[in-house]
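Keep the charged and aromatic groups in view as you read.

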Amino acid sequence: MRRRVLGAISAAVALTLPWVVVSGATDLLPRLATVAGFEYQPPVALTTLSTLGTVIVTGLAVLGAAFLLAWAAETAEKDVPQAFAIAVLAVLAVAPEYAVDALYAWNAGVFAGTERGIEAGNLAVANMTGANRILIGIGWAGVALFTIFRRGSTADPAVEQRSGRFSDVVVLDREIGLEIVFLLLATLWAFLVPLNGGIDIFDMLFLVGLYVCYIAVILRGEVEPDMDHVGVPAYLQNFSKPRRIATVFLLFAYSGLLIFTAVEPFAHGLESLGESVGIPSFFMIQWIAPLASEAPELIVVVYLVNKARSTAGFNALISSKLNQWTLLIGTLVVVHSIALGEYGVLSFDFKQSAEIWLTAAQSFFAISLLIRFEISVGEALTLLALFLSQVFLEFAIIREFVTLPVSSTQLLLVYSAIYLVLGTALFVSRRRALGRLVRRTAGTVGDAMSIGGEKPQSADD
């Protein structure tokens, strides 16, 4: 195990080293040389890094840093108070996506009223919607399919084989019902966000407040933290306490510094790269950038699934979606207002309004699949097919590979309608399951908010 863990950590660090060398030689060393009283000229090869080279080097750095950050966060759960762990880990879960989003929200405030500021606001929304749709379209659907079709799935208690084509299901932990209901509330609110012309203080108050309420419920309900760690976190948690804490702080500092320094050249490099091949900036920021930040989490979940821990893996994806759909959206207006120097709505154009509606509609449909705490092969394939077909069709329209009777924006609205129709039909047909889920969640929330109340019975009781 020690050899595997050291190999994994070494691989993650190796991904970051090219950027460490480039940024150190072009920024840190010249500053140190100036302080020492002499001039330092970095090698020409480092100062003339191509746009593609910059994207690759910084993208790998963000990817490696995200792995290190995730491992540090899981390891820290053994030493910090539960309230602190949950609050901090929730933020860390969306840190890589937030770094890119925060960059554009900040630029939208700094360059407010200019074309660059308007574009930055649109890119902030594009990255947020892309990350959320990837998490469901690839994450939820892909992990469900991998869980069922991998070798040895019959040994996984979460896999239930049923008669009929595409009928096998992944059974979820019923304790995730709280997250599903809170995610549904955030999703319903998301449909309203574009109606006010942008992300405003009311969105921040509701979405961040919703997440704070969720944290309060699971804390007062005495929900135990997930200690089902494997791989690197499990190994690091066996260190002595001083050594473990020092390791966690080192990983936090190193990965945080890398994300902070690499995210801006990575994002701007993607913009330039897209423009050079005729692809709009928002498409690159929406789909390529989130892949680097979502990859570590998806890989860890696949690892859990492969070890017959599908329930823990799927629960992690649902919790991550809740984090992104509340904290990530709600705090963008705060960053924007700080950069602006006063309160200001993070505005965007109608295309990004359609993107938000589509993301909310996809979430609405995905939640309707889970209200019975299971997802079948057919449902996962539908979720994956809808996601991939929309992305490919939009790309084909942008690149003029095909001619359709609708624009790319109208295509988003068409897919939104499809998701809504499917989701509504499922909610209606599964209304009894939805009612039980809501009643159980209401009981949990009521018990958590009461002092000295008895733990409510579950719907199954």
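The paragraphs below go through salt bridges, aromatic pairs, backbone angles and a surface patch.

This is a predicted model, in which local features need pLDDT of at least 70, side-chain atom pairs count only at pLDDT 80 or more, and totals for chains, interfaces and linings use all residues. Residues are numbered from 1 along each chain as its sequence is written, and side-chain values use heavy atoms, with hydrogens and water left out.

Start with the salt bridges. The term means a side-chain nitrogen of Lys or Arg within 4 Å of a carboxyl oxygen of Asp or Glu. By this rule there are six salt bridges. One of them joins Arg133 to Glu355, with 2.9 Å between the closest N and O atoms. Arg133 sits in helix α6 (residues 115-149) and Glu355 in helix α14, so this pair ties together parts that are 222 residues apart in sequence. Helices here are DSSP runs (H or I, at least four residues), as are strands (E, at least two), numbered from the N terminus. The cut-offs are under 20% relative accessible area for buried, over 50% for exposed, and in between for partly exposed (1.4 Å probe, protein chains only).

Helix α14 also supplies Lys351. The side chain of Lys351 meets that of Glu394 in a salt bridge of 3.2 Å, N to O. Glu394 belongs to helix α15 (residues 377-398), and the pair links distant parts of the chain, 43 residues apart. Both Lys351 and Glu394 are buried. Elsewhere, shared partners join Glu160, Arg162 and Glu374 into one network of salt bridges. Arg162 is partly exposed at 34% relative accessibility, and Glu160 is partly exposed at 35%.

Now the rings. Rings of Phe, Tyr and Trp (its six-membered ring) pair if their centres lie within 6.5 Å; planes under 30 degrees apart count as stacked, over 60 as edge-to-face and the rest as tilted. The count comes to eleven aromatic pairs. Among them is a tilted pair, Phe364 with Phe427, at 4.9 Å centre to centre and 50 degrees between the planes. Phe364 lies in helix α14 (residues 350-370) and Phe427 in helix α16 (residues 408-429), so the pair ties together parts 63 residues apart in sequence. Phe364 is buried at 12% relative accessible area, and Phe427 is buried at 10%. Phe182, Tyr211 and Tyr214 form one aromatic cluster.

Turn to the backbone. Most residues other than glycine have a negative phi. Phe166 has a positive phi, near 60 degrees. Phe166 is placed in the loop between β1 (159-160) and β2 (169-171), and is partly exposed at 46%. Phe373 also has a positive phi, of about 60 degrees. Phe373 lies in the loop between α14 and β5 (374-376) and is buried at 6% relative accessibility.

Finish at the surface. Arg431, Arg432, Arg436 and Arg439 gather in a patch of positive charge. Patches take residues with over 30% relative accessible area and no salt bridge, joining like charges within 9 Å and nonpolar side chains (Val, Leu, Ile, Met, Phe, Trp, Tyr) within 5 Å. Arg436 lies in helix α17 (residues 431-449) and is partly exposed at 43% relative accessibility.

Technical notes. Areas by Shrake-Rupley, 256 points an atom, 1.4 Å probe, with all protein chains shown as cover. Lys, Arg positive; Asp, Glu negative; His and termini not counted. Charge placed at Lys NZ, Arg CZ, Asp CG, Glu CD.
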